[in-house]
Amino acid sequence: MQITVKLFAYFRENRFKIEMWEIGEGTTVGEIVDKLNINREEVGVLMLNSRHTEFTVKPASDDVLAIFPVIGGG
Amino acid sequence: MADKIFRVNMTNLTTSVEAVPAAWAGHGGRGLTSTIVAAEVEPTCHPLGSKNKLVIAPGLLSGTMAANSGRLSIGAKSPLTGTIKEANAGGTAAQLLARAGCKALIIEGLPKEDKWYSLALTPEGVTIKEETELVGKGNFTVIETLAKRSDAKLGVLTIGQAGEMRMGSANISIKDPDGGLRSNGRGGLGAVMGSKKIKFITIDPKDGKVAIANPEKFKEANKVFAKALADHPVSQALGQYGTNVLVNIINESGGLPTKNFTSGQFAGHESISGETMHDTIKERGGKVKHNCHAGCVIQCSQVYNDANGKKLTSGFEYESIWAMGADCCVDNLDHIAMADKLMDDIGIDTIETSVAMGVAMEAGVLPFGDGLGVCRILQDEIAKGTGLGRIIGNGAGSVGRAYGITRVPVVKNQAIPAYDPRAIKGIGITYATSTQGADHTMGYTIATNILGVGGKVDPLTKVGQVELSRNLQIATAAIDSTGMCLFIAFAALDNAECLPALIDLINARFDLSLTGDDVVNLGKYILKTERTFNTAAGFTATDDRLPEFFYSEPLPPHNVTFDFTGEEIDTFWDF
């Protein structure tokens, strides 16, 4: 099935901003992060369809996954 | 040298230097400005009349070597909100005032003659002079002219045309180390300075230094404190992308107020994002990192150049970029930067003015997305004080009233900043209950609602939001008293060594033995002092509410409303 993966801030360096990914049923958010060679400890925020999510969640077809490092501002 | 209270009476043009009353001795920054305003200003007075006072105070740690301690607090009764007000900003003035031995500068009264003045503060006291050359000029001309008049590295506080015209959005600008500007932005404090006919204030500490009671302990504590700040990943991201790193994440969360608060996502978010800004700054030879005051280890500021590699603006913040960008649907970062520079020069709050532009766009004054139109209105209407310029220059509420618009995002007449309270509910509690009108910095629940700093509280449910906002508002009031930048809070929320080190710094500076409980009690005292002032000024619990449309218009993409009852909001004050 297909999902959209979006990366932000320095996670984009040598990777991408947005890509369509083909993933197997039951793949977790954490496994997608691992596949991107992103250290899970550097991940600040994960959102699935604009809602906060966790490494253990399994995306469904056509979901949009957004991966952010630890960031802040104000 | 012992700290003193410097007092200026503009009615009879006299000045004095006084001992610090015992009740004020333990206060600094916001705690001190609010204590003095509450003690000396009649809550029902007209903010632009003779009874209001402008109170300027460095923080408890300003002027020391403590990292990130360069924030200056300015307080008064606000002409925008009618509440008590404190706004703080970086720049060099806080450090120089502290070194001059000034615990607070109190400016009272109104001049009898129609003349403009400047104030010059040194350790000996304040001198009042008539000013003619710079009247009617923008802030950058003030800074450049004063640099030519004196060789000394003076601190400068200045107002632009907006302050002279006593507009409700007028700010007070502080010179930064490179001759750029930082702004005590919110609540129209520039109008209070303008009402007292003071165009600018210079600060020369001469060879004054801040006394440290226990220098060794101070040094040790500062090492721990600075390391906690520098090591926190948020500090690192702030250095690289600036505060504007937030555009994409707030957009993704569905809480980025767009097109005058009718959507939570902006189609043009990528072109105004921190990532795009970072790449543009690098391509054009600007500065990705820049510190607004000496001793900052985060360096969230930056210098943004135009396409020809010439400096366009600095201190280009998320709030300004969101307001001019998403809220007004302008997706051209150069147009936003031009507007930012113009607003700095005119001396007008970027949040209030840009949200006012969004309301004006809804009213049909100019089309959504017209960045160059915004720049024209800033230059030709606001800076010149035309009728339209004054309507917009008096803020979002003023535009809404003038054009009969109901979707006016203000609380206590102050514009709501860059997070929609329907999709990020904790910040709605802060907007509603803040003692100073809508202001994200009063209790920045975004940290926990969105960024996962200091724990996690789901932004879309009501659970835990009141408590979150309360705890953050109490902590913020205390931090605002130290002279510390609020961005230390990210490290303080996550690193167990950070806050104790900050308390150690205060203890070493004054030979005290404060504990964490004392700091919490200080925060509570400040909030209650401010609220007592507001109550005496006529505010009630029904003023602690959001505008009607937040309760009735669902916000896409989550299609949510703000659904706290008044009773639920009022539990905020149960402490």
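Which residues in helix 10 of chain B meet residues in helix 12 of chain B? The answer comes below, after a look at each chain.

This is a predicted model, in which local features need pLDDT of at least 70, side-chain atom pairs count only at pLDDT 80 or more, and totals for chains, interfaces and linings use all residues. Residues are numbered from 1 along each chain as its sequence is written, while chains are lettered from A and ligands numbered from 1 in the order in which they are written.

Start with chain A. Chain A has one helix and five strands. Helices (H or I, at least four residues) and strands (E, at least two) are DSSP runs, numbered from the N terminus. The order from the N terminus is β-β-α-β-β-β. The C-alpha trace of chain A spans about 35 × 25 × 20 Å along its principal axes. Of its 74 residues, 31% are buried. A residue is buried if 20 or more other C-beta atoms, placed from the backbone, lie within 10 Å of its own.

Now chain B. Chain B holds 23 helices and 17 strands. Its C-alpha atoms fill a box of roughly 60 × 50 × 50 Å, taken along the principal axes. Buried residues make up 61% of the 575 in chain B. Take contacts in chain B between residues at least 6 apart in sequence: 72% join residues at least 24 apart. Two residues are in contact if their C-beta atoms, placed from the backbone, lie within 7 Å.

Back to the two helices. Helix 10 spans residues 318-327 of chain B, and helix 12 spans residues 350-362 of chain B. Their axes come within 9 Å and cross at roughly 5°. Axes are lines fitted to C-alpha atoms over the stretch in contact, with angles from 0 to 180 degrees between N-to-C directions. The crossing makes helix 10 of chain B roughly parallel (under 35 degrees) to helix 12 of chain B. Glu319(B), Ser320(B), Ala323(B), Met324(B) and Asp327(B) in helix 10 meet Thr350(B), Ile351(B), Ser354(B), Val355(B) and Gly358(B) in helix 12.

Last, the two chains meet. Their contact takes 29 residues from chain B and 17 residues from chain A. Helix 7 (233-241), helix 8 (246-253) and helix 17 (446-449) of chain B each give two or more residues to the side of chain B that touches chain A. Helix 7 of chain B gives the most, with six residues.

Key:
Angles under 35 degrees count as roughly parallel, over 145 as roughly antiparallel, 65 to 115 as roughly perpendicular and the rest as oblique. A residue is buried if 20 or more other C-beta atoms lie within 10 Å of its own, exposed if 12 or fewer, and partly exposed in between; C-beta atoms are placed from the backbone.
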